[in-house]
Amino acid sequence: MMGVHKFNLQKVTVCCWAVVFLVLSSTEIISASKEKCDTCKNIVKNFKEGLEKTKKSNFGGGNTRWEEKSLGAWAHSETRLVEIWDNYLCNSESKDCHFMLEKYEEDVEEFWFNVHSKNENADMHEWLCIDKIKVCCPSNTYGPKCKDCTGGKDRPCQGNGECDGEGTRSGSGKCKCNDGYHGDICDECTDGYFEESKNDTHTQCTQCDKSCKSTCWEDGPKGCDECKNGWVMSEDDGCQDINECEDDVPCDENQYCTNTVGSYHCATCHRSCLGCHGYGNNKCEECKNGYRKENDICNDINECEEDTTLCSGDKQTCNNVDGSYECQCDDNLLYDIDSKTCIPKPKAPPKSSKSKDNKDKKKGNTEKDKPGFIMILGMILVFYICGSIVQWNLIIVLGLSTVFAVFLYWFGMQYEMQ
Ligand SMILES: *[C@@H]1O[C@H](CO)[C@@H](O)[C@H](O)[C@H]1NC(C)=O
């Protein structure tokens, strides 16, 4: 029985590892083949750049001109290939690039001497990356055998998406649709879009108006199937923004309302207003106490000027402030609102000496606490070690040690007090 169980477990383990290995290696292969195509494409790109840069190169030196003239061979010379190879093909320090060049050295040479020398416009990408090294595919094809992408080679995904693995020897060839499209070949519209036009080869989806809740059947606010919150359907104009501020103003008493697209906004009135229809001291319904309306503007009242009896007590000065006034006292005195007189400031208690006393007291306490605290910790530790040796129950150990430590602490306090 045990043996069978064990055998099964082994089987399962092996199987699991196999699956993990397969998954890892397959993703490795897929990503590797996409990267290999990129590496090859880069070599082709660098080759073209190298060609351009070495167009007018001369060898510079004695027999150069002779060589160039008599052989006319610079354009297709081995020297030029070497120069391009060494200086351009793997411009980055990419290991993959050097590895690929080394492996396919003969093919690149063949391209140079047999293909490019005969036709300067020969497609190196097609010749090398697709046909020789077989790491890339022609455009709109994918996978190891360069199959047509979903939706066909001419316009895969109806031009409304990307074909997975396109142009490489990897991928699934399936469509990843652009915003607004879905379906195997991206020929259907998602919610929030409507089908503007469609035939066998073309589908055009257009976004619904911003006033639509989700779906629509044509452009503009009239095309909505339902209106978004904050919009209301009108027979003539489709979904229209609701002006929340128009009827029942949804704001607090001392606020004003601003209509926004699809919503509204409440903001506090100017400080001089008691109710308002916008921001500013000229948009008040009424003025707050301390302000008076002049030419539709709520202006601050200068109470001190208008009523000279204010702050008329001994050593008092009237001081106008925005919306009110204040009485100030001379000679460093304090204005008492209840009695409306100036009184001396209360003397601050002598702080310095007292705080020093406190500090000293505290310091003493902590110094006394310290040995007691350390003693308790020490006792717990000692009992714990002893307990674990004799294998007592941990709770008994902790209990005993705490009791004993507290006793010692108390004893220490008594002793120190004397
Ligand atoms: C399909 O529509 C596209 C664009 O709307 C147009 O260019 C194409 O000619 C049409 N094809 C057919 C078969 O009607």
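In the predicted model, C318 is located in strand β17, which comprises residues 316-321. This cysteine is partly exposed, because 18 other C-beta atoms lie within 10 Å, whereas a buried residue would have 20 or more and an exposed one 12 or fewer. When neighbours within four places in sequence are left aside, the contacts of C318 are with C304, L310, C311, Y325 and C327. For one of these partners, C304, the C-alpha atom is separated from that of C318 by 5.7 Å, the two residues being 14 residues apart along the chain.

The packing of two helices was also examined. Helix α5 spans residues 105-116 and helix α6 spans residues 124-132; the two pack at an angle of about 145°, and their axes are 11 Å apart. The crossing formed by α5 and α6 is right-handed. On the α5 side, the contact involves D107, V108, F111 and V115, which meet M124, W127, L128 and K132 of α6. By class, six residues of this contact are nonpolar and two are charged, with no polar residue among them. D107 of α5 and K132 of α6 are charged, while W127 and L128 of α6 are among the nonpolar residues.

A further site is defined by the ligand. The residues around the ligand are S197, N199, D200, T201 and H202. The shell around the ligand comprises four polar residues and one charged residue, and no nonpolar residue is present. Within this shell, D200 belongs to the charged class.

Notes: Residues are numbered from 1 along each chain as its sequence is written. This is a predicted model: local features need pLDDT of at least 70, side-chain atom pairs count only at pLDDT 80 or more; totals for chains, interfaces and linings use all residues. A residue is near a molecule or strand if its C-beta atom, placed from the backbone, lies within 6 Å of it. Axes are lines fitted to C-alpha atoms, for helices over the stretch in contact, and angles run from 0 to 180 degrees between N-to-C directions. Helices (H or I, at least four residues) and strands (E, at least two) are DSSP runs, numbered from the N terminus. A crossing is left-handed if the near helix is turned anticlockwise from the far one by less than a right angle, and right-handed if clockwise. Two residues are in contact if their C-beta atoms, placed from the backbone, lie within 7 Å.
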